[in-house]
Amino acid sequence: MGRLYSTRYATTHIRHDAPKKAPPEASTYTPEQLAEMKTLAAGAKGPFASKADAKRKLQALIDLSDLAVQRAIVAIYRFQTASEQSCGQTTDANGIGFSGCDAELLSSFAQQLQAAPDATLSPKQMLYARKKIRRYWNQLRLIAESKANKEAHA
């Protein structure tokens, strides 16, 4: 049962048994948006029009594609320092890689995914990973843009 919380102006009842908000269904996107997300999932990454555009596209891609979640975990893990990778915790406050609260879990997922070429996450692991990796959209944007720049200069 939820609790009553009083504020200066009103008493509010918070329902803890309310259903959790699910990620948007694939049908909520237009066919053009779905085609664009599939192109991104296939690896065709390019510079985004803006940060807001990148956030929208990357988070939508993560919501729709298990492969995108797994690739994102491994990509962020590669930016952890060697000491952070070995201990599975965030030790350097450098703004790169996983945050302290996510480091242990997501590092273990990344190590599991790198252990074998056909490794995947279980459905339960995927739920946790998808929820946590969405917040790293900006690092993923920087990775995608750096790859696009390298390809353009090659």
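This is a predicted model: local features need pLDDT of at least 70, side-chain atom pairs count only at pLDDT 80 or more; totals for chains, interfaces and linings use all residues.
**Entry 1: a buried ring**

I began with Phe98, which is buried, at a relative accessible area of 2%. Buried here means under 20% relative accessible area, exposed means over 50%, and partly exposed lies in between, all with a 1.4 Å probe and protein chains only. Residues are numbered from 1 along each chain as its sequence is written, and side-chain values use heavy atoms, leaving out hydrogens and water.

**Entry 2: its partner**

Which residue forms an aromatic pair with Phe98? I looked up the pairs and found that the structure holds one. Phe98 pairs with Tyr136, edge-to-face, at 5.7 Å centre to centre and 80° between the planes. Rings of Phe, Tyr and Trp (its six-membered ring) pair if their centres lie within 6.5 Å; planes under 30 degrees apart are stacked, over 60 edge-to-face, and the rest tilted. Phe98 sits in the loop between helix H4 (82-87) and helix H5 (103-115), and Tyr136 in the loop between H6 and H7, 38 residues apart. Tyr136 also counts as buried, at 5% relative accessibility.

**Entry 3: the whole chain**

Next I stepped back to the protein chain, which has seven helices and two strands. From the N terminus on, the order is β-β-α-α-α-α-α-α-α. Helices (H or I, at least four residues) and strands (E, at least two) are DSSP runs, numbered from the N terminus. Of the 154 residues, 34% count as buried.

**Entry 4: helix H7**

I checked the length of helix H7 (residues 137-153): its 17 residues should span 24 Å at 1.5 Å a residue, and its end C-alpha atoms are 24 Å apart, which agrees. The expected span is 1.5 Å times one less than the number of residues. Among the buried residues of H7 I noted Trp137, Leu140, Ile143 and Ala148. The buried residues of H7 pack against helix H2 (51-64), helix H3 (66-78) and helix H6 (123-133).

**Entry 5: H3 and H5**

How do H3 and H5 cross? Their axes come within 9 Å and cross at roughly 105°. Axes are lines fitted to C-alpha atoms, for helices over the stretch in contact, with angles from 0 to 180 degrees between N-to-C directions. That makes H3 roughly perpendicular to H5, a label for 65 to 115 degrees. Residues of H3 including Ile73, Val74 and Tyr77 meet residues of H5 including Leu106, Phe109 and Leu113; contact means heavy atoms within 4.5 Å.

Technical notes:
Angles under 35 degrees count as roughly parallel, over 145 as roughly antiparallel, 65 to 115 as roughly perpendicular and the rest as oblique.
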